[in-house]
Amino acid sequence: MGVPGGGGGRVAIAAACLLLLQLCGCVAALPMKSGDGAKYKDPSQPLNTRIDDLLGRMTLAEKIGQMSQIERENATADVINRYFIGSVLSGGGSVPAKNAPPEAWMSMVNGMQSGALSTRLGIPIMYGIDAVHGHGNVYKATIFPHNVGLGCTRDPELAKRIGAAVALEVRATGIPYVFAPCVAVCRDPRWGRCYESFSEHAGVVQNMTSIISGFQGEIPPGGRLGAPFLAGQRSVAACSKHYVGDGGTTKGINENNTVATFHELLSIHMPPYYNAVIRGVSTVMISYSSWNGVKMHSNHFLITDYLKNKLRFRGFVISDWQGLDRITSPEHADYLLSIKLGILAGIDMIMIPYTYTEFIDDLTLLVNNGTIPMSRIDDAVRRILRVKFTMGLFEHPYADPSLAGELGKQEHRDLAREAVRKSLVLLKNGKPGDKPLLPLPKKPHGGSILVAGSHADDLGSQCGGWTITWQGLTGNNLTAGTTILDGIKSSVVPGTDVVYSENPDAGFIQQNKAKFDYAIVVVGEPPYSEQFGDNLNLTIPAPGPAIIENVCGSIKCVVVLISGRPLVMEPYINTIDALVAAWLPGTEGNGVTDVLFGDYGFTGKLSRTWFRSVDQLPMNVGDAHYDPLFPFGFGLETQPSAY
């Protein structure tokens, strides 16, 4: 934990005492005193009065500090105090310590906050973190299905409940701001972020923006629609991303160019932002991608003219990680130009994880020499302060230690398990002329079943990217959860012989096939995120295809596919008896087996078109030459079994 620097005196002592009280759990929050007559410190004053009062007191250095968001590893209390830093973030995998408990996170954030509160004006920092399918950076957090699966539930109310649960788990670590949800409309599954998208269809994504109301709370009747909103200290500020068109790049290449008319942009990629703004989303993050060759981070028309002026978005606009650097090619080649273009385009807060002093110096120069008008700086800071006041940060700057128990609690795991059940899509159930294979009997006649495949007993692969680390990890030692194999063993009747072989060869199958009533084959993609997931062939990685051929060629089998998107399945579809798209279900593998064994029925519907061949891509519902293996909206249903 850092030590307050710079401000010294009674202010620093008061901040340190307040921090001690917080960490001891003596108080949840203490309001700031307004004895100096400062209206911005008085919560009874109207919002705009508080903003105007504080903005009028700020120096240029304090304003630019508010526009700066730096990485956790640089954010000592001294740095925050010296540069008036307005926001801190954790990048993927950036944690206070390996397997850190909630209390360690709270202590870290509170230490940073003490640095902010000991500045002249005492403007609290706003700590942000990626929580795109649960509080993914944090050990033992509940990991929910990625958005590609949630889109298949067609259940906005479920998404809202998930948002509320994630908000509590994030608050359990003292953090009030999440870089979620991703509201991209993924039009090409070759994109490495496709699993972060609810659907290829704008209407489905629009409906699932209900998760924002889960994160932030529901705007009460009579409340102002479209203004940043936060219900209280059990909610978190949300961030719709990545504005706009990130899901439409050529060949699905990450951060690439989206070629589209303005009408196409408005009809395909923009609709989720209409709903996000109406729901009071606090922030919008700009995409690395370009629209018709113009970098979104420098697009004044779409950021200022359209988002801020046309849609009347009143929160603040934030860059992506080093987003300004990427305006030029090569990156950072002309940083002054990048800052000029990004700030004048309308970006309010800049994610500058490492080069914050360079950014501060250069932006100061650009304002002092008249390149960037003070009115643009004031607009940015006004928006940032509006969100901070709305969040209640001035009255409740520190973590609430009473929320530590919200992380990974059973109620949230039960909700994640429900989400898994509802996200599964049954694509095939029985060969022609045969009766359906699913639901599977919990008591096989011969007493033995085979479980095979690389993903049957691998929690990390089940969770995918953005889990503990940025790219995700394989294996079962990264966090707490239940694998699909665990779920199978707990579903079948006691005494059933569950034989697990990760990669059974043909000889093993031939020698043992007579003893198995059926086989469950669980294969799929390894974890990945962003450009590391870009994939032009979309085949099941080896040895998945060989396992399918070996096992399903000899034993009745269901293939459970763990993936962030549709993969090439046509070559195997006639070999297998049943096919389940399980997407990236997260930590609750029991949700998969709940449905495989008939405790619940299959209800999920494809939120994406399942192609026959990558040569067809991009191919989306409504296209003229639409010839999918399984169409958008497809999904067989089953009824629960009566055991």
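In what order do the strands of the open sheet lie? In this predicted model, the three strands follow the order 6-8-9, with mixed pairing. Strand 6 (257-258) and strand 9 (294-295) are at the edges and have a single partner strand each, so one side of each lacks a neighbour in the sheet. Two bridges join strand 6 to strand 8 (residues 290-291) in the parallel sense. Opposite Trp291 in strand 8 stands Thr258.

Trp291 also belongs to a cluster linked by ring pairs, together with Phe262, Phe301 and Tyr306. Tyr306 is among the buried residues of helix 12 (residues 300-310), which also include Leu302, Ile303 and Leu307. At the start of helix 12, the backbone nitrogen of Phe301 has a side-chain oxygen of Asn299 within 3.3 Å. Just after this helix, Arg312 adopts a positive phi of about 60°.

The structure contains 16 aromatic pairs.

Trp583 lies in strand 17 (residues 578-583), and Trp610 lies in the segment after helix 21 (590-596), 27 residues apart. Trp583 is buried, at 1% relative accessible area, and Trp610 is buried at 0%. In the other pair, Phe630 is buried at 8% relative accessibility, whereas Phe634 is partly exposed at 25%.

Charged side chains also meet rings. The charged end of Arg421 is placed over the ring of Tyr600, 3.8 Å from its centre. Lys241 lies over the face of Trp466, 6.0 Å from the ring centre.

Note on methods. Residues numbered from 1 in each chain as written. Predicted model: local features only at pLDDT ≥ 70, side-chain atom pairs only at ≥ 80, totals over all residues. Heavy atoms only, no water. Buried < 20%, exposed > 50% of the residue type's maximum accessible area, 1.4 Å probe, protein only. Helix = DSSP H or I, 4+ residues; strand = E, 2+ residues; numbered from the N terminus. Polar contact = N/O pair within 3.5 Å; in protein donor to acceptor, adjacent residues only side chain to side chain. Pairing = 2+ DSSP bridges. Phe/Tyr/Trp six-rings, centres within 6.5 Å; stacked < 30°, edge-to-face > 60°. Lys NZ or Arg CZ within 6 Å of the ring centre and 35° of its normal.
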